[in-house]
Amino acid sequence: TGCFSINPTAYSNIHWSTGDTTSTVCISTAGAWYVTADDALGCTSTDTVMTTIVAIPTPSLGADTAMCAGDTICISSNCGPGHSYIWSTGATTSTICVNIISGYWVQCIDSNGCVGADSIIVNALAMPIAVGSADTSNCPVVQFISSSTGSSVHWDFGDGSNPTATTNPSHDYTNAGNGSYTVTLISINACG
């Protein structure tokens, strides 16, 4: 919406093409608008204004996301060229890089002064936790069970055999000989 005014002390009998007779009219559609008014000498003046509708900027920060503690993530406004920016951090660039778990917003302002906004939440991605157990009831074949929180696991059976990424592997210690073995379970996610 754009508002246009004429000086009511200098003009009387004001008539806008919208039908308004006030000194100010607000227009929200595109087109040619004119006003006629009489001055103090009784002379009639006419003026025309052309209005166009421009799209409001539409920044897109993307879906909410997560990052690992200590990492940095960069967020782009995606407003395109010719805009100015105001971020919740106080930055005025098109992209910010942050290392704090928080919510962030941006306002994009075009050359007409139109403002569009978007926000995003950056959550914490937890480090994985490795939790494993072993069923030795069928010894020397041991059934290992992972209830880890990571997206993948890595088992080392401690006997020099090849490790595996199988979640719940069985391992045969027949050829390893009698003894104690240190079994290592590593849980892995995007944080490490």
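**Figure 1. Burial and surface across the protein chain.** Buried residues account for 24% of the 192 residues in the protein chain of this predicted model. The protein chain exposes about 11500 Å², and 53% of that area comes from carbon and sulfur atoms. Keep these totals in mind as we turn to the overall fold.

Figure 2. The protein chain contains 16 strands and zero helices. Its radius of gyration is 35 Å, whereas the globule rule gives 16 Å for 192 residues, so the protein chain is more spread out than a compact globule. The C-alpha trace of the protein chain spans about 115 × 25 × 20 Å along its principal axes. If we take the contacts in the protein chain between residues at least 6 apart in sequence, 44% of them join residues at least 24 apart.

Figure 3. Strand E10 (residues 102-109) runs antiparallel to E8, and four bridges join the two.

**Figure 4. A cis peptide bond at Pro140.** Most peptide bonds are trans. The bond shown here, between Cys139 and Pro140, is cis, with omega at about 15°. To find Pro140, follow the chain into the loop between strand E12 (132-135) and strand E13 (141-146).

**Figure 5. Asn13, a positive phi within a strand.** Most residues other than glycine have a negative phi. Asn13 is not a glycine, yet its phi is positive, at about 50°. This asparagine lies in strand E2, which takes in residues 12-16.

Figure 6. Asn78 is another residue other than glycine with a positive phi, here near 55°. Is Asn78 buried or exposed? Its relative accessibility is 52%, and because the cut-off for exposed is over 50%, Asn78 counts as exposed.

Notes. Residues are numbered from 1 along each chain as its sequence is written. This is a predicted model: local features need pLDDT of at least 70, side-chain atom pairs count only at pLDDT 80 or more; totals for chains, interfaces and linings use all residues. Side-chain values use heavy atoms; hydrogens and water are left out. Two strands pair if DSSP finds at least two bridges between them. The radius of gyration is taken over C-alpha atoms; the globule rule is 2.2 Å times the number of residues to the power 0.38. Buried means under 20% relative accessible area, exposed over 50%, partly exposed in between (1.4 Å probe, protein chains only). Contact means heavy atoms within 4.5 Å. Accessible areas come from the Shrake-Rupley method with a 1.4 Å probe; for residues, only the protein chains shown count as cover.
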